Each structure stands twice: as structure tokens, then as C-alpha cells.
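Thanks for coming. I will go through one structure today, starting with the chain as a whole and then moving to its core, its ring pairs and its charged pairs.

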Amino acid sequence: MTKLSCISKKNDYKIELNENAYQSLEARVASHFRRKIHSGELKSGDILPKCESINGVSHVSVIAAYKRLSKEGLVKSIRSKGTVVLKNCNSTCYGIMISNHNSLYGMYLIDAFFKEGKYRGNSPQILFLPPDSVESVKNNAISSQLHNAVESGIIRGIFTPHHMKKNIEWLRTQGVPTVCGFLDKQNEFVTIDFNKLIEKGVNLLSRKKCKKIYVYSTNIDITPETIECGNFSNDKAGDPEVILSKVNYIQNSYDAVALGKKIVEDISREGKFKPENGFIFVDDFVASAAIIKCKELGISPTKDANILVVTYKGQMNALLSEIDQVLIDLRDYAKEAVDQIERIIEAKGTDKVVTPKYFSKAKIVQHNNH
């Protein structure tokens with residue numbers, strides 16, 4: 001076991017400190033050693049460097065940092081020995097960092113992530129943050145939750161489905177395994193592959209002899225080139241023509257409802273409601289509104305419209321029970337995200353490369369009354 005107390009010369013222990021203007025020097029020193037203790041790099045019985053031996057840090061700041069760790073029960077000052085690590089308590093909590101927790105998707109995902117963390121024996125941390133707020137952490141009570149959680153050393157890894165670039169960059173400078181739910185330049189992400197999910201829907205509608213399939217989606221990653229439609233079980237039907245209709249990003253559920261109704265009005269006005277046409281909605285609110293509008297116009301969403309929705313398992317499913325569904329269980333997605341955190345931890349200090357994951361597991365809910 002390596003004893004750090006073997007360092008005898010002054011200023012010969014180098015410590016990497018992050019330049020956080022809102023965090024005192026003693027707090028940063030404490031965070032440095034706290035992370036080493038929680039990660040298992042420093043084990044029970046190891047001795048921390050002497051206060052005067054840390055390069056670029058005054059012994060007063062080091063003493064104050066060690067006192068912090070002592071109050072937390074991580075170390076103890078022993079005469080003739082120095083500051084000794086008392087226990088090795090590995091970081092145990094997974095965190096989910098989310099900025100739009102008022103949406104149904106946000107609530108579903110929080111619930112799934114929380115259940116997965118509990119299943120693995122820890123108490124997940126739910127971190128509600130406004131986007132890109134890390135630089136204002138000191139004056140922002142919501143964002144300070146992230147800072148405090150990381151400083152405490154209890155966070156094993158964090159998953160975020162939202163684009164919070166500055167927060168993500170900050171977490172990685174802190175050495176926290178961070179997995180994104182979208183395409184990320186670090187290539188350690190776990191993203192839902194809507195292209196594959198749409199393909200599942202296209203396959204289903206093609207078996208129902210739909211020759212044209214209209215896809216309505218706000219997802220910017222979906223393009224006609226990325227949807228590979230083919231290999232259908234009904235070879236006689238041939239490959240249907242897929243028409244992708246990109247719609248504006250939906251800010252809230254009211255916009256989604258208005259959008260769903262407008263889409264149906266446009267389809268009806270253009271005479272597209274035919275037995276040989278199918279319609280895929282990649283949003284449950286939009287699909288629900290579309291179904292309601294169909295009924296208002298006297299159009300059967302199953303017999304006349306061939307509507308299918310790509311959606312999540314949750315309370316909206318009852319409203320969508322009449323139509324075909326490509327149903328995602330977010331608990332499976334949360335499991336993949338947590339597994340990715342563990343892969344990043346396992347790869348630390350090795351030559352292992354963590355590859356991105358594209359999640360496309362879904363249940364097909366088919367109604368045969370078309």
C-alpha cells in the first residue's frame with residue numbers, strides 16, 4: 001500500500017486544482033482528496049501528504065481542508081503519523097441532470113432512472129438545473145445543488161438527456177463520469193435511436209399494405225437518408241414511399257396539441273386520408289391531438305387514417321390505445337444509461353474505449369381492426 005506520508009521534501013506533492021472562482025482554495029483541496037477517497041485511489045490506512053508539502057498551496061489552506069474531511073469522517077489526524085484515511089466509501093449515487101422536468105417525458109425519465117438506481121441499491125440524485133448555468137452556480141440556489149453533490153463525493157456518475165454544454169464540461173473537469181442522452185463529441189453517449197424506431201413503425205404499416213407513409217417529427221437527427229426502410233415481411237407490398245415532414249420544435253404541450261390538430265386539418269384538406277396511406281407521429285401529445293381531431297372530422301384513426309405513434313410507456317398510453325404503437329420502456333433506457341456510466345468507470349486508467357450506444361429497444365403494440 002502506498003503511503004503518501006513518504007513525501008519528505010517541501011512542495012513536492014503536486015495537486016491538480018480546478019479554477020473555480022466560486023470555490024475557496026481549501027474547498028478545492030478537500031474536493032481533490034475526497035474524490036480520491038471515494039474512488040478508492042486512497043484506501044483506509046493511507047496517509048495524506050504533510051500540510052507543507054503540497055505544491056502551490058499554503059499549509060493554512062491544507063489544514064482547513066483536512067479539517068473538513070475530518071468532520072465528514074473520512075480522515076483523522078493522529079499524532080506521530082499525520083492525517084490518516086479512515087474508510088474507503090466508494091461513490092454510490094447515480095445522478096440525473098435535467099432541465100425540463102415539467103414535461104411528461106422528463107417525469108417518465110426521472111421515474112425510470114430513480115427506479116433503476118434504487119434497484120442497484122443506491123439513492124439516486126435528481127438534479128434540476130436551468131440550461132448552461134454552471135458559471136452562476138454561486139448565486140443560483142438550483143445550480144448549487146449540482147456543485148454540492150459533486151463536492152460531497154457521493155456522485156458515482158451523471159446522466160443528462162438535455163443539451164447543457166457548460167454543465168457537462170464542468171462535470172467532466174471534475175472527473176465525474178457523464179453520459180449524454182444525445183450525440184456528444186466525447187462518444188460516450190446513450191441516445192434513443194428514433195431512426196430505428198421509425199423503421200419499426202414503417203415495417204408495421206407496410207405489412208398493412210400502406211404504400212405511402214408520412215412521418216411527422218421534431219427530431220433534428222431524423223432525415224430521409226437515415227431512415228432505412230426495407231426487408232418487410234410482405235414482399236408483395238414492396239417498399240412504401242416514406243415522406244418525412246419536419247415540424248417546428250414543440251415548446252410545450254399546448255403547442256403540441258395545436259400542432260396535432262393542424263396536421264390532421266392539412267391532411268384532410270389535401271385528401272391524404274386513404275386506406276393505402278399511413279401516418280407516423282413521433283410525439284404522444286401530437287398523436288393524441290391528431291386522434292381527437294380525426295374524430296371531430298368523422299375520420300376513424302384506425303380504419304381511415306392508419307395512424308401509428310412512437311411513444312413512451314406511461315399515462316398517455318390510455319389515450320393512444322386505439323392505434324398502433326412503437327412503445328419505449330424508459331426503464332430499459334435508464335438501465336443502458338447507468339450501464340454506460342459503469343463502463344466509463346471501468347475504463348478509467350486503462351486502454352479501454354467506451355463506445356456510444358444507440359437505444360432502439362421497443363415493444364410493438366399492434367391493432368388488427370384496420
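**The chain as a whole**

The accessible surface of this chain comes to about 18600 Å², and carbon and sulfur atoms account for 49% of that surface. Please keep in mind that this is a predicted model. The chain has 370 residues, of which 49% are buried. Its secondary structure consists of nine helices and 14 strands. Taking the contacts with a separation of 6 or more, 68% are between residues 24 or more positions apart.

In soluble globular proteins, nonpolar side chains tend to be buried together. Here the largest nonpolar core has 42 residues, and those touching the most other members are Phe159, Ile192, Ile280, Val310, Ile328, Leu330 and Tyr333. Several elements give two or more residues to this core, among them the helices α3 (104-119), α6 (194-207) and α9 (330-347), and strands including β3 (93-98), β8 (212-217) and β11 (307-312). Helix α9 gives the most, with eight residues.

Let me stay with leucine 330 for a moment. What is leucine 330 in contact with, leaving aside its neighbours within four places in sequence? The list is Tyr105, Tyr108, Leu109, Ala112, Ile192 and Tyr312. There is also a second, separate core, which has 21 residues, including Ala256, Ile299, Ala305 and Ile323.

Next, the rings. A pair of aromatic rings is described by the distance of the centres and the angle of the planes. This structure holds nine aromatic pairs. Take tyrosine 216 and phenylalanine 281: the ring centres are 5.3 Å apart and the planes are at 20°, so this pair is stacked. Tyrosine 216 belongs to strand β8 and phenylalanine 281 to strand β10 (residues 277-281), so the pair ties together parts 65 residues apart in sequence. Are these two residues buried or exposed? Tyrosine 216 has 9% relative accessibility and counts as buried, and phenylalanine 281, at 0%, counts as buried too.

The other pair to look at is tyrosine 333 with phenylalanine 359, which is tilted, with 5.4 Å from centre to centre and 50° between the planes. It links helix α9, where tyrosine 333 lies, to strand β13 (residues 357-359), where phenylalanine 359 lies, and the two residues are 26 apart. Both tyrosine 333 and phenylalanine 359 are buried. They also belong to one aromatic cluster with Phe113 and Phe159.

Last, the charges. Side chains of opposite charge can pair when their charged atoms come close. How many salt bridges does a search of the whole structure find? It finds 18. In one of the salt bridges, arginine 331 pairs with glutamate 116, and the closest N and O atoms are 2.8 Å apart. Arginine 331 is in helix α9 and glutamate 116 in helix α3, so this pair ties together parts 215 residues apart in sequence. Arginine 331 is partly exposed, at 27% relative accessible area, whereas glutamate 116 is buried, at 4%.

Aspartate 339 counts as buried, at 19% relative accessibility, and lysine 335 as partly exposed, at 41%.

Key
Residues are numbered from 1 along each chain as its sequence is written. This is a predicted model: local features need pLDDT of at least 70, side-chain atom pairs count only at pLDDT 80 or more; totals for chains, interfaces and linings use all residues. Side-chain values use heavy atoms; hydrogens and water are left out. A nonpolar core is a set of buried Ala, Val, Leu, Ile, Met, Phe, Trp, Tyr and Cys residues joined through side-chain atoms within 4.5 Å. Buried means under 20% relative accessible area, exposed over 50%, partly exposed in between (1.4 Å probe, protein chains only). Helices (H or I, at least four residues) and strands (E, at least two) are DSSP runs, numbered from the N terminus. Contact means heavy atoms within 4.5 Å. Accessible areas come from the Shrake-Rupley method with a 1.4 Å probe; for residues, only the protein chains shown count as cover. Rings of Phe, Tyr and Trp (its six-membered ring) pair if their centres lie within 6.5 Å; planes under 30 degrees apart count as stacked, over 60 as edge-to-face and the rest as tilted. A salt bridge is a side-chain nitrogen of Lys or Arg within 4 Å of a carboxyl oxygen of Asp or Glu.
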